[in-house]
Amino acid sequence: GSFLYVRIQAGVHMDKSYKRRFQKFSESLSDPELINYARQNGKNTFSRKRKMPLKDMLLCCLSKKGLTTAFELRNYFKEKGDLSMQLSIQGYLQQRKRLNPEIFPYLNRNYLMDFYHSDEPKLWNGYLLVAIDGSKAEVPNSRENRETFGNSGNQHSETGQVRALVSGMYDILNHFYLDIEIEHISASENELAKRNLKHLRAMGTRQPVLAVFDRGYPSLEFIDFLETEGIHYLMRLSSNDYKVERKQMQSADDKVILKHSSARLQKIRKKHPERYEHMKKKGKTTVRISRSTLPSGNELSLMTNLPDRVASEELAGLYYQRWEIEKKYHTLKNKMKFESVTGKSSVYVHQDFWAQVLVYNMIQDIRNSADEEAMASGQKKGNKYPMHTNENIAIGLFKEAMLKLLLEQEDKKRVQKLNELQAEMERYVVPKRERPSKERRKNISNKYKNNQKNSF
């Protein structure tokens, strides 16, 4: 709801600090140290004499538009002004196989650190507000991928489609993907969420964290993990989570004691022997549960360790902010061709997924500035709704300009190009409307939608 925004402390604005981040990022691509991150298990790949040095390799991954590899390479060298470049597709793919996918999360962390170590981040009540959620992503159907990620088989096919489980951690107010974990389809979402949060720690963010989860996360062991790590949480409960304890609640918003009974501890002992002893000693976990009724008549039960001064109506508003991460999965998959992977090897899945997350964050960094301008000028014009830039068009504009931005040698010229790009994004604005209903609607639609065409 709108009351949520009142309590967001706006970040202090530097003069378009994303330009500084772009400059740092461009420089880091030529950093000789980068080779150490790029090598898979210590092979001495990416030595100087390659036909396609590391920087070209990374830029080619980042500037991907979901075309055939031959076209991606051609377009890359054309943009670079180097069409004579003779590198076979096989040669390129061989080199890509040697590229350690970890280089992309590393570049992403370095890119975002600059932002999170400043006083720019918008916070909710002093918390960094993150949503963590899993999603299935399509990967190329090859034997290697079937072994790495597994099938999501159905009754119609023996083999089924190959899907990876992606667990994303998204900063709701600053619109950045902080981390993604890519795993076998049957991996535990809770375990991936732990990895997401550990990577947030590695970034060294100073702000306390409030993580929002959907149903499916509230295991006792996971809550204990969050409390041990000092993370505040808000999660939705399914109708049969902690039924007995919920029956004993005195009011719609009450403290509830979850006993570490021997039945519960046995389960934990099997799956998490390392946490078993600690939880046995602890004996119980106290949580706060808040219940309210949705417009549809269904109950919304939320569990949290936020203090009582955060009113229960506010908790419901906060929980609905989680919707942002669902929208962003849609953006990655449908607007950024996230699932269009270069080749059939699993290493390409990790490289391409991460490369597009990094590109998404760079686009969003410019959009954050453009959106502020759009909002301010919309207010001046007295628009009914707050205005923001059209995401699809912003992605297309960035993909078109990206290589020129990152290959630009002179800082002044790069800044000028970024100014032009931001100004162009600001020309395509749309009103930001709240979701009318809080319930999900299933939507059966055509493959080519008239209102959702690709921007590149």
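Why does methionine 249 count as buried? At 11% relative accessibility, methionine 249 falls in that class, because buried means under 20% relative accessible area, exposed over 50% and partly exposed in between, using a 1.4 Å probe and protein chains only. Keep in mind that this is a predicted model, in which local features need pLDDT of at least 70 and side-chain atom pairs count only at pLDDT 80 or more, while totals for chains, interfaces and linings use all residues. Residues are numbered from 1 along each chain as its sequence is written, and side-chain values use heavy atoms, with hydrogens and water left out.

**View 1. The whole chain.** Welcome to a chain with 18 helices and 13 strands. Here helices (H or I, at least four residues) and strands (E, at least two) are DSSP runs, numbered from the N terminus. Of the 456 residues, 50% count as buried. Take the contacts (heavy atoms within 4.5 Å) between residues at least 6 apart in sequence: 73% of them join residues at least 24 apart.

**View 2. Methionine 249 and its contacts.** Look for methionine 249 in the loop between α11 (243–247) and β9 (253–259). Apart from neighbours within four places in sequence, methionine 249 is in contact with Asp254, Val256, Ile289 and Arg291. Isoleucine 289 is 40 residues away along the chain from methionine 249, yet their C-alpha atoms are separated by 8.6 Å.

**View 3. Helix α15.** This helix covers residues 323–335, and its 13 residues should span 18 Å at 1.5 Å a residue. The expected span is 1.5 Å times one less than the number of residues. The end C-alpha atoms of α15 are 17 Å apart, which agrees. Among the buried residues of α15 are Glu324, Ile325, Tyr329 and Leu332. Just after α15, lysine 337 takes a positive phi of about 50°.

**View 4. The second largest pocket.** A pocket is an open set of points on a 1 Å grid over the protein atoms alone, where a 1.4 Å probe fits, with protein on both sides within 12 Å along at least five of seven lines; lining residues have an atom within 4 Å of a point. Of the 15 residues lining this pocket, Ser219, Leu220, Glu221, Lys267 and Lys271 lie nearest its centre. Helices α9 (189–202), α10 (220–228) and α12 (262–271) each supply at least two lining residues, and α12 gives the most, with 4 residues.
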